[in-house]
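Hi,

Here is the structure I promised to pass on to you. Have a look at it first, and then read my notes below.

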Amino acid sequence: MSSSSNDERLQPTSANVPDLRHNEFFPEGTVDPIYQAKAELLNKAIEEIGFGRYQQFLFVVTGFGWMIDNMWPVVLSLILTPVVNEFRSKGPYLPLSQQVGILVGAMVFGLGCDIWGRKLSFNFTLLVLGIFATSAAGAPNFNALCVFIAIWSVGVGGNTSVGSAIFLEFLPPKHQFLLTVLSIWWSFVCLKHDNMGWRYFLIIGGVFMFFLWGIRFFVFKLYESPKYLMGKGRDAEAVEVVHRVAEYNGKTSTLSVEDLKKIGAPRNHADTEISSRGAQTREAKKLSLVHVKALFRTRELAQTTILIILVWACLGMAYPLYSAFIPYYSATRGADFGDGSTYITYRNLVIVGAAGIPGAAIGGWAVDIPRVGRKGALAISVVVTGIILCASTTAQTSNALLGWNCAFTLTSNVQSGIMYAMTPELFPTKDRGTGSSLAATAGGIGGVMAPLIALYADLSTSIPVWIAAALYLVAGILALLIPLEPQGKASL
């Protein structure tokens, strides 16, 4: 058959391709027209199924990732003092180990979910966390503990980027705002450390991770993303998943393999062979930079990719930088925070956590405000968070600091929820894991910088706090410059 005949066969026609005019999110040339037509067809099938029991359960098991994303940094902060006292070592090496692990996890699992699928990464991250958090309780020395922290943090770093992708790809278009509402799980962290010892504390945390993993793996039947399967040429499996989800929701779907096949096959599609030899060949191909290059295919998508990466980098450095230095800054200003008892400490943790709960609802509402959209909501929440950060440096009493921390947690939850939700929406499904991974990796690199600064900088200066505030302001400006706006558009 001639090449011209092949081209004609692969081109979508008005007879077999859904009308895409209502979803012109990506600029022309960004997404293969055949792939886009099939993605639209799958979106329609998911929309017909609706938001049912499967998505509700997925909201819960995906939310575990958001919860541990907040839980384990808190765990580390609680064990830091007793660990330093026991091993007589430098405390900042612990958060440094954590940030390095988070960075690696974001890269490995984020990129990996575009290579070996969402399902494997989603189920594996909590298992890694449970194994190495529990093992860390037996660390014989400080260096071993740092290694365990870095490895368990690999599981932490991979959770949210993979979870956001798989949740988004099972959501009907009208319910995509729920990706922002997932941030409510950040507030569900209740820890008890009083008189337990840091080793027992880690054992309990690790066992809890095994419990959450068990729910994901044994209780909930997670299906691979149908759009991921379609993007790999596995149309029959994609249709089967749609029908299984429909059955789980008590519905039926009319989607058939023929509906996808008659549209055609995407150009340059080489992932249709599923033999073991073919799988090995594909793995070598997949490890190339094809998914990265796809994020820079057009000018608008390249600008979007670069800007969202810079936003993540700024915020990834700003928050830990502020957290690391604000105690020293407050002390140099002569702040009197009164009772530092265990009761007050944990009471404040509960209050601050509760203050962040409305952030999920606010973020879910804000992203759908007309003429504000995802970009505007992100920019406003980031700038407001930065302003509150600056204002918190004026606190001279424990109650004043508690009030600012509550406000900071609220706006930070809004900002983080929008950012975690908006990022995967900006990329096509077949490259979504890679795009989210690059963004999260940039955030991880920024996070690594904070403990490095804490190791070598003069902690008595106020400059780092103001640098953190400036980073929030820059991130807000960068968010407004992103050319693509996902509001009102179904993800592809």
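**What I found**

Leu 378 is buried, with a relative accessible area of 0%. Keep in mind as you read that this is a predicted model. You'll find Leu 378 in helix H17, which covers residues 373-392. Which residues does Leu 378 contact, once its neighbours within four places in sequence are left aside? They are Gln 415, Ile 418, Met 419, Met 422 and Ala 479. Another pair to look up is Leu 378 and Ala 366: they sit 12 residues apart in sequence, and their C-alpha atoms are 8.9 Å apart in space.

Now for the whole chain. DSSP gives 20 helices and zero strands. The chain has 492 residues, and 57% of them count as buried. If you take the contacts with a separation of 6 or more, 85% are between residues 24 or more positions apart.

Next, a helix pair. Two packed helices are described by the angle between their axes and the distance between the axes. Here, H4 (residues 93-112) packs against H6 (residues 142-168) at an angle of about 40°, and the axes are 6 Å apart. That angle makes H4 oblique to H6. As for handedness, H4 and H6 have a right-handed crossing.

Which residues meet between these two helices? On the H4 side they are Tyr 93, Leu 94, Ser 97, Gln 98, Gly 101, Ile 102, Val 104, Gly 105, Ala 106, Phe 109 and Gly 110. On the H6 side they are Phe 142, Leu 145, Cys 146, Ile 149, Ala 150, Ser 153, Val 154, Val 156, Gly 157, Gly 158, Ser 161 and Val 162. Sorted by class, the contact of H4 with H6 has 14 nonpolar, nine polar and no charged residues.

Is Ser 153 buried or exposed? Its relative accessibility is 1%, so Ser 153 counts as buried. Leaving out residues up to four places away in sequence, Ser 153 touches Gln 98, Gly 101 and Ile 102.

While you're in that region, look at a couple of cysteines. Cys 146 is buried, with a relative accessible area of 11%, and Cys 113 counts as buried too, at 1% relative accessibility. A disulfide is a covalent bond between the sulfur atoms of two cysteines. How many disulfides does the model have? The count comes to zero, with a pair of cysteine sulfur atoms needing to be within 2.5 Å to qualify.

Most residues other than glycine have a negative phi, and most peptide bonds are trans. Arg 88 is not a glycine, yet its phi is positive, at about 55°. Where is Arg 88 found? Arg 88 is in the loop between helix H3 (53-87) and H4, and at 68% relative accessibility it counts as exposed. Arg 371 also has a positive phi, near 65°. Arg 371 is in the loop between helix H16 (357-366) and H17. With a relative accessible area of 82%, Arg 371 is exposed.

That brings us back to H17, the helix that holds Leu 378.

Cheers

Methods: Residues numbered from 1 in each chain as written. Predicted model: local features only at pLDDT ≥ 70, side-chain atom pairs only at ≥ 80, totals over all residues. Heavy atoms only, no water. Buried < 20%, exposed > 50% of the residue type's maximum accessible area, 1.4 Å probe, protein only. Axes fitted to C-alpha atoms, helices over the stretch in contact; angles between N-to-C directions. Helix = DSSP H or I, 4+ residues; strand = E, 2+ residues; numbered from the N terminus. Parallel < 35°, antiparallel > 145°, perpendicular 65-115°, else oblique. Left-handed = near helix turned anticlockwise from the far one by under 90°. Contact = heavy atoms within 4.5 Å. Nonpolar A, V, L, I, M, F, W, Y, C, P; charged D, E, K, R; others polar.
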